[in-house]
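Hello,

Here is the structure I promised to pass on to you. My notes on what turned up in it follow below.

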Amino acid sequence: MTEYTTQIAVIAGGPSGLSAAVQAAEDGAEVIVLEKAATVGGAANMGMGPLGIGTKYQRQQMVDITVEKAFKMFMEYTHYNVDARLVKRYFEQSAETIEWLEDMGVEFEGAFRYFPKSEATWHIVKTDQGIGPRAASFMNKALYARAQELGVQVLLETPAKKIIMEDGKVAGVLATDKDGNEVKVNCKAAIICTGGAGCNKDFIKKETGYDHGVDMFNFAIPGIMGDGLRMAWEAGADHLPVRIEQAAVIEGIDDLPGSVANIMGQPNLLVNYDGKRIMNEEEMQNTTFLSNVASHQKKRTCFSIVDSSIVRYYVKNGVDNVCLVRPDPDVSDFPEAVKMAKENGNEGLFIADTIEELAEMTGINEENLVDTVDEYNDYCDSVDEEFFKDRRYMRPLIKAPYYAARIRPGGYGTVGGIRINENCEACDKDFEPVPGLYAAGADACNIYDDSYMFLLPGNSMGFAVNTGRIAGMSAAEYVEDED
Ligand SMILES: Cc1cc2nc3c(=O)[nH]c(=O)nc-3n(C[C@H](O)[C@H](O)[C@H](O)COP(=O)(O)OP(=O)(O)OC[C@H]3O[C@@H](n4cnc5c(N)ncnc54)[C@H](O)[C@@H]3O)c2cc1C
């Protein structure tokens, strides 16, 4: 067994863990990070950037978002069903966190919206390749470098297994190294930051009811198995509901050409297996809303449908909603790209010469679909009496071929499960802090209630970095008092 002694063990080196480690070390604590993977950064290596509110970028861009406005929006959105003190502290700290990241070399492109109705709170990290997926890996590199500069020891490929409790207080963490040998870290405080349980099918089924890979498809990175949740609950922390951080997916999205994902994700006609419309499609841009809607349909499925005249419109004029995650605005290869995706095995895309044929291929109720398309086409000449969709998105389906894409619930993984207070202390059923135990990031993200708050984008990485910092501050104070 290899044994280490330190003041604070940070369990995991994703954005919350790295932020916790850097903050605690800046506050004078001795820190060891235990990371399961061979690299740091966690899921945030896939993402683009964190939330900030009241930042210099927003002032420069004349974006009107304040902590007060965001806080009120957030609390109303969640029906006040979450910890207001934690939300307030997170939002209030978020602008200073952007500067804290800049001080260690992170640069930002500015503050962005995810879709038109969202606020420009998404601070996309600048890279040498322009705006695009994985930009936030540059932030993680800077955090890692800063941690090393501060003397934080990072043990890669060393998954934590158990929190050692003595006299009701944290006394250490047990882990294993890459060869399976036991590692013991003696410490006074542990900060749990393992990113939820997005890959753990059984856990997801038990906690949320979704069948991951069957009726819900999330993008969690490998290794996110709920280890931290289990360790925290075993150590005495209260078990709060675990949720899916909902974001709908077009089936096979990871392998789809950009033009297909772009066009099928537009505010097109959206129906369920009954052939009925299910929402005002202009709200589809908020993929949390779309995922919630899909979750309430038969087989948790809905279909986005376009005809070739709508495709031609998008090719000529560009798509209605440009997505920064898939910023390629050129959709001219759509017809060939759909065919290619189908040939490559995508079973969620359909091409038909008539609406009736499309119904047969997809399994949608034919009679209802024909009626729905007729009615929808009529609304295109007048107003959408059914769901009040803005006229600018109303385009009739009149010309073959017709295309459909299956859309399912999805998510970035799980959020929540460990009760924390505004100091990121893990708390027991009586709301009392478990001495020496802290949690941050997705493991402790109980602030969305049942739906991810996409109206303030960057929210989950923002929560991870900011709660990581708060946990680091609290733990550093605690270990100093304990010495
Ligand atoms: C494709 C994609 C894009 C995204 N884009 C954005 C975005 O632009 N903005 C945004 O706000 N959010 C985004 N998110 C979400 C965001 O990345 C997460 O909310 C954030 O990374 C959560 O941080 P975390 O530190 O809690 O966990 P994670 O980033 O998931 O890190 C958890 C870490 O824990 C480690 N670990 C697991 N078990 C153990 C163990 N037993 N011992 C030690 N280590 C362990 C893992 O290896 C991992 O490194 C995106 C997510 C995905 C998947």
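A residue is called buried here if 20 or more other C-beta atoms lie within 10 Å of its own, exposed if 12 or fewer, and partly exposed in between, with C-beta atoms placed from the backbone. Helices (H or I, at least four residues) and strands (E, at least two) are DSSP runs, numbered from the N terminus. Please keep in mind that this is a predicted model: local features need pLDDT of at least 70, side-chain atom pairs count only at pLDDT 80 or more, and totals for chains, interfaces and linings use all residues. Residues are numbered from 1 along each chain as its sequence is written.

Let me start with helix α7 (residues 227–234). Its buried residues are Asp-227, Gly-228, Leu-229, Met-231 and Ala-232. They pack against β2 (8–11), β7 (160–166), β10 (189–192), β19 (425–427) and β20 (433–439), where contact means that the C-beta atoms of two residues, placed from the backbone, lie within 7 Å. After α7 comes Gly-236, with a positive phi near 115°.

Next, the domains, whose bounds come from an automatic or database domain assignment. Domain 1 covers 2–245 + 414–482, and domain 2 covers 249–408. Their centres, taken over C-alpha atoms, are 35 Å apart. Domain 1 brings 13 residues to the contact and domain 2 brings 12 residues. On the side of domain 1 that touches domain 2, there are 9 nonpolar, 2 polar and 2 charged residues; Ala, Val, Leu, Ile, Met, Phe, Trp, Tyr, Cys and Pro count as nonpolar, Asp, Glu, Lys and Arg as charged, and the others, Gly among them, as polar.

What surrounds the ligand? The shell holds 37 residues, the closest being Gly-14, Gly-42, Gly-47, Gly-195 and Gly-441; a residue counts if its C-beta atom, placed from the backbone, lies within 6 Å of the ligand. Both α1 (15–26) and α14 (459–482) supply at least two residues of this shell, and α14 gives the most, with 5 residues. By class, the shell has 19 nonpolar, 15 polar and 3 charged residues.

From α3, Val-67, Ala-70, Phe-71, Phe-74 and Met-75 meet Ala-84, Val-87, Lys-88, Phe-91 and Glu-92 of α4. This contact divides into 8 nonpolar, no polar and 2 charged residues.

In the loop between α12 (355–362) and α13 (366–381) sits Ile-364, which counts as buried because it has 24 C-beta neighbours inside 10 Å. Ile-364 and Asn-272 are 92 residues apart in sequence, yet 7.1 Å apart in space, C-alpha to C-alpha.

Finally, some backbone details. Most residues other than glycine have a negative phi, and most peptide bonds are trans. Lys-299, in the loop between α9 (287–295) and β15 (302–307), has a positive phi of about 55°, and is partly exposed, with 13 C-beta neighbours inside 10 Å. Phe-431 lies in the loop between β19 and β20; its phi is near 65°, and it is exposed because 10 other C-beta atoms lie within 10 Å. The peptide bond from Ala-400 to Pro-401 is cis, with omega near -5°.

Best wishes
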